[in-house]
Amino acid sequence: MNPVFRLEKKYLILCLIGIGLIVFLILELTNKYSLTVALQGDPVITLEVGTEYKDPGAKARYKGSHLPFRNRKVKVTAAGSVDVNKLGTYTITYKASHRGLSSQKTRTVKVVDTQAPVITLKSDADNYTLPGAEYKEEGYTAKDNYDGDLTSSVEREEKDGVVTYTVTDSSGNVGKAERKIVYDDRTAPVITLDKTAASVYVGDTWEDSYSAKDDLDGDVTSSVKVDGKVDTSKEGTYVLKYTSTDAHGNTAQAERKVVVKALPQNDPENPKDKNKIIYLTFDDGPGQYTAQLLDILKKYNVKATFFVTGQFGYSNMISREAQEGHAVGVHSMTHDFKKIYASDTAYWEDFADMDMIIVKNTGRPASIMRFPGGSSNTISSFNPGIMTKLVKEAGERGLEYFDWNVSSGDAGETQDSNQVYQNIIDGVQQQAASVVLCHDIHPFTVNAMEKTIRWCLENGYTFEPITPGAVECHHPVNN
């Protein structure tokens with residue numbers, strides 16, 4: 001190659017380089033630089049409370065207006081935070097700086113609550129409500145993703161067989177739930193028998209006693225059907241079956257056994273327990289109720305003791321008393337305390353008058369007696385010492401007097417047959433040999449006797465009449 005040409009080419013290249021440098025310097029001197037921060041993602045982010053927040057970040061670029069190859073990425077710093085568990089509006093600020101330039105952008109993050117509370121109903125598959133009855137709440141809970149437990153804020157409304165539950169959280173979100181009420185009647189009536197096993201004696205009247213109640217229909221006693229019959233004319237065990245069906249077809253059944261047994265009989269020849277002897281004594285009669293009493297005693301082969309008077313004019317009963325094996329003793333003729341305790345002579349004259357009636361009706365004089373008011377009476381205190389004298393004279397006359405250690409309470413304490421019964425059975429349980437004070441002139445006393453006798457016989461007691469020397473029962477003499 002021509003050396004001249006080679007030299008010219010070299011200068012040309014240098015000129016071009018020089019021109020290039022000049023152009024670069026001109027561009028560099030006129031180049032305008034900028035720093036720009038650009039958000040990644042949306043500038044406004046809405047976030048459900050409680051969910052995780054992942055910041056999208058931002059990018060920054062430093063660049064010139066004429067020389068794109070001079071552009072470069074710049075580090076961005078972020079300031080601010082988001083509490084995802086607290087409602088509110090949060091700001092994140094992104095900043096960048098380079099060669100004296102700085103730039104920033106902000107992002108808004110809104111933590112919101114758009115979820116309604118959740119109401120959870122508690123339910124039992126076997127639960128139901130009686131038709132027409134108010135639904136009994138089975139239970140429920142309400143929880144909110146932000147407010148927590150809102151159970152206490154739940155409002156309920158029962159209408160047309162549906163219970164509607166509503167609750168509103170602090171953000172105004174409304175939660176609802178509905179429960180369809182199950183109406184039904186699955187429970188049978190309840191039959192109540194006074195006893196599942198009962199017993200009566202031959203000749204008694206069987207009085208059935210039962211009731212039936214249903215949780216919906218109420219008292220259904222009148223609809224109970226009873227299968228079976230009790231024949232009290234003969235001994236045996238009878239079964240009664242009771243059936244009750246409510247309006248929804250639920251059926252209940254019950255069964256009772258009734259034992260009809262022979263009347264208990266007093267057997268003084270074979271006492272069950274020698275420490276359970278009862279001497280039933282009756283004062284002041286005979287009277288209008290004595291015949292009824294004798295019928296009761298005869299029914300159970302019970303022998304009693306009658307301390308009789310002549311004040312009511314039923315002396316023919318004395319004959320029956322003796323004929324049926326009862327003991328008869330003198331109480332008084334007139335039962336006039338002022339008259340008979342006026343003197344010992346007056347007492348024994350009254351005594352003799354009554355004894356004559358006894359002889360007339362029994363064929364023999366009395367050997368036992370009971371002082372009116374008992375030997376411990378103080379009604380005779382108007383005549384000091386009279387009782388001490390009479391007690392002594394009775395012994396001298398070969399007479400044995402008897403007081404009592406069990407009182408029926410029928411001498412003024414009560415006129416209730418049940419209380420007379422209770423007083424006697426309470427009293428005899430405290431004694432080995434019980435001398436029981438009663439009065440056959442009172443209807444409430446006579447009406448208590450059958451129940452009393454039955455209880456005593458069923459509990460191992462034996463009845464005996466008082467005979468001289470059979471038992472000693474004396475009160476302290478107070479006059």
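**Exercise 1.** Determine which residues of helix 3 (residues 316–323) are buried, and which elements they pack against.

*Solution.* In this predicted model, local features need pLDDT of at least 70, side-chain atom pairs count only at pLDDT 80 or more, and totals for chains, interfaces and linings use all residues. Residues are numbered from 1 along each chain as its sequence is written, and side-chain values use heavy atoms, with hydrogens and water left out.

Step 1: with buried meaning under 20% relative accessible area, exposed over 50% and partly exposed in between (1.4 Å probe, protein chains only), the buried residues in helix 3 are Met317, Ile318, Ser319, Arg320 and Glu321.

Step 2: taking contact as heavy atoms within 4.5 Å, these buried residues pack against helix 2 (290–299), strand 22 (305–308), strand 23 (327–330) and helix 5 (344–362).

Step 3: just after helix 3, a positive phi of about 90° is found at Gly325.

**Exercise 2.** Work out the strand order of the open sheet that 3 strands form, and identify its edges.

*Solution.* Step 1: helices (H or I, at least four residues) and strands (E, at least two) are DSSP runs numbered from the N terminus, and two strands pair if DSSP finds at least two bridges between them.

Step 2: the order is 1-3-4, with antiparallel pairing. Strand 1 (33–39) and strand 4 (72–74) each have a single partner strand, so these two stand at the edges, and one side of each is left without a neighbour in the sheet.

Step 3: strand 3 (residues 58–64) pairs with strand 4 over 3 bridges in the antiparallel sense, and Ala60 stands opposite Val74 in strand 4.
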